[in-house]
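Let's take a walk through a protein model together. Keep the 3D view open while you read.

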Amino acid sequence: MKNIEVLFYRSSFRFVMIALIAASLIGTASAAGQKIVLTGSSTIAPLALEIGKRFEKLNPGVRVDVQSGGSTRGVNDARAGLADIGMASRALKPEESDLMAHRIAIDGIGIILHRKNPVQALSDEQIKEIYTGKITNWQQLGGEDRKITVVNKAEGRSTLELFLHHFQLRNSDIHAHVVIGDNQQGIKTVAGNAGAIGYVSIGTAEYEEAHGTPIHLLPMAGVPATVANVRDGRFPLSRPLNLISKGAPSGMAKRFIEFAQSAAVDDLVTAQYFVPLAR
Amino acid sequence: MISSQHNISSLSRADATLARVTGSIALAVAVLLGLVLMLLVKESWPVLAGGGWTRFFAGEGWFPAGGQFNLLAMLWATLACSAGALFIAVPLGVSSAVFSRFYSPNWLVMPLRRIMVLLAGIPSVVYGLWGLTVLVPLVARWEPPGASLLSAILILALMILPTVALTSEAALAAVPASNLQGAAALGLSRKGIVLGVALPAARIGILTGALLAAMRALGETMAVLMVAGNVVQTPASLFDPVRVLTANIALEMPYATGDHRAALFASSLLLMLIVTMLAWLAGRGGAHANV
Amino acid sequence: MFKNHSRLNDQLLTLSVWFSVALVASVFFWVLGDLTLHGIAKLNWSFLVSAPENAGRDGGIGPILVSTLLILSVALLATIPLGLGTAVYLSEYTRRDNALARSIRMSLNVLAGVPSIVFGLFGNALFCIWLGLGFSILSGGLTLACMMLPIFISLTESGLAAVSSEWRHGAAALGLTRAAALWHVLLPAAAPAITAGLMLSIGRALAETAALIFTSGYVDRMPGSLSDSGRALSVHIYDLSMNVTGGDEPAYGAALVLIVLLVVINGIAASLSDRFLRLRITTS
């Protein structure tokens, strides 16, 4: 028994030693400098990661570590000091007034249908009736005879809160057929079901529509769902993407937040299909 | 062999050391696992304390914002998904193990095992992605919304099949060749050998495998989350969207605070309770089979 | 008459066994074919070695591969000795009705049913915060080890338990110590089960997403040491497919790499267990 353990140890030990040596060789290249830790919203995480990489390039010796885990986690970690900066894809709530939000981008939310669905516009009232289960077939809205599949977001997601607030609904009123978590799951669900209706980030939906995913965006209250209209503030449904700090930021965190809000990262914001700040 | 010769005087000492070493390792593992339990109990204590657990089985449903934490619908959904997946995966998995041991041409044994190992190693998110983009639209064409109990069962069956197949194969391989040769010498047909000798002899291993598969099915999160539809309701048909306990935890944990968070931790305690009961039942079954 | 009937039955069983295997294999090729179709365009050398760019849409998965291998080595290094030790203790040094053994066995069974996201939160609380390891490869690997232990121990123990007790008696009669009997007789005889346990554990570890998001983290930089945060392949695939618009193709590419990696690692595991346990796993 001992022999076998020793053997297992030896071989895996050697493997790990080699890995460790290799890793430490790579490690020596980056000087031990300052580290900024960001945690929170999975929506913002890819953008923050890219901003972090550019920030690292401009500030040698600084490291930006981005961890995802949800907006609530971002708020809690920023408050508890586990993270230097939190990320939240929503505005701060009244009970979070001890924290400061720093907007870095905007995200519009639009209604999408399957491309095969001939319905081209829905009024707010119709959308409300679909989501509360009063209208259950597209025929009732001038479409084909097809059951409506209502795609809703899971409890706690900021897009859901935004949607409910805009349509003056409570989540318990909604008769959903599919409840989803992340944005791409919404797009894929609607793309795979000709009778589905859902709401997702406009930038991503524009991209997917342009790249052949069988969905189409609906205008809302007569305003076409485009990134340009979100930036102008004409589109009714949008949310801020925020960095969160405990009190006024200082030092490296302050520099990072200012950098993330500057025009120097507009191309990164656009590359993640969000809407840059209007300046 | 690598081991040296043992003389009589070192016998007992080596054994005692080994017993102590393995014993303390086992204890360390038990402590580690105890810590997981402690975390769960500590985090769910706010809703468990003071008889709050009754809230999990009463009330109108799962409305965490309104303080309603009825888990029953999700409990039934979880059990239905796992039972359905086992119903498909166990026969198929045991069959393919039997195939490997008794029917397969030699050249096919290794490729088949590789396939099983690969199936076991595909990340659940990839199964989920595949399910969401291929399986769900197929089911939706048949009966919308597609994201349903049926899709969840099919994906889960695919995911636990390798566990059943590999453990059954290992169990069948452990049946002494002499037993099989004896049966063959008695003139039993291949079917007689498989059903009469090999499978009964391997039943404990197969049961262990099925149990592991059941646990995997009960605990699986990402793939089910993507294909099951996640609507909190007691399933009335195979085409109803359902939400299982694990998907509920994954969907809401990052956004939960206070009692809601505690209720989510408590729902994973409930899952563990189910698994414990399963393990106990399987243990009893195994004990009976031994007699 | 009876004989005909039984031959028919025999053929029926043969047919259904062949049918199930064909079904399993065809579903497998369906899944793998789909993955290959979508991901093959991405597969080339630079994808394997270069760093991800533009949130993973461009560039490759080099640092992520390194992180994944490091996390897996940490996990295996913890799981194999702990798992073998526990399994041997349970099966060789305790009676089946021993209270400690029963409670260990029970907690193992119970833990197999804990959802992976809970392990993630546990690992985050214990390793990242309490032990101060932070988001790191070490935290991720140790959390994975906690998840792999139940499977590995359970299969190893059942493999040892399935070895006929006559072998033990025989070994004792030959004057072998228990340690020697384990090494020469019992572990080799249990090799198929141990290998199966190892492979399933590795598969589980490579496939794990939820637990790693909270422990080894999201950072996609080349790790400098085991105390750095490093993104695992499965986390990368999840992020690309669910969170990054236009990330499907690299997600499928990364999934293909993960599968190839699994084949390679399993091959190594199989040949190691062949060598050390001195029994070919193909017993047929």
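This is a predicted model: local features need pLDDT of at least 70, side-chain atom pairs count only at pLDDT 80 or more; totals for chains, interfaces and linings use all residues.

Start with a bit of background: most peptide bonds are trans, and most residues other than glycine have a negative phi. With that in mind, find the bond from B:Pro144 to B:Pro145, which is cis, its omega being near 10 degrees. B:Pro145 sits in the loop that runs between helix 4 (124-142) and helix 5 (149-173) of chain B.

Now for phi. A:Gln168 isn't a glycine, yet its phi is positive, at about 55 degrees. You'll find A:Gln168 in chain A, in the loop between helix 5 (158-167) and strand 6 (178-180). B:Asn230 isn't a glycine either, and its phi is positive too, about 60 degrees. Look for B:Asn230 in the loop between helix 9 (222-227) and helix 10 (245-252) of chain B.

Is A:Gln168 buried or exposed? A:Gln168 counts as exposed because it has 9 C-beta neighbours inside 10 Å, and the cut-off for exposed is 12 or fewer. B:Asn230 has 28 such neighbours inside 10 Å, so B:Asn230 counts as buried; here the cut-off is 20 or more.

In soluble globular proteins, nonpolar side chains tend to be buried together. Here the largest nonpolar core has 273 residues, and B:Leu156 and B:Val227 touch the most other members. Helix 5 of chain B gives this core its largest share, 19 residues.

Zoom in on B:Val227 to finish. Leaving out residues up to four places away in sequence, its contacts include B:Gly128, B:Leu132, B:Val136, B:Ala147 and B:Ile155.

Definitions and conventions: Residues are numbered from 1 along each chain as its sequence is written. Chains are lettered from A and ligands numbered from 1 in the order in which they are written. Helices (H or I, at least four residues) and strands (E, at least two) are DSSP runs, numbered from the N terminus. A nonpolar core is a set of buried Ala, Val, Leu, Ile, Met, Phe, Trp, Tyr and Cys residues joined through C-beta atoms within 7 Å. Two residues are in contact if their C-beta atoms, placed from the backbone, lie within 7 Å.
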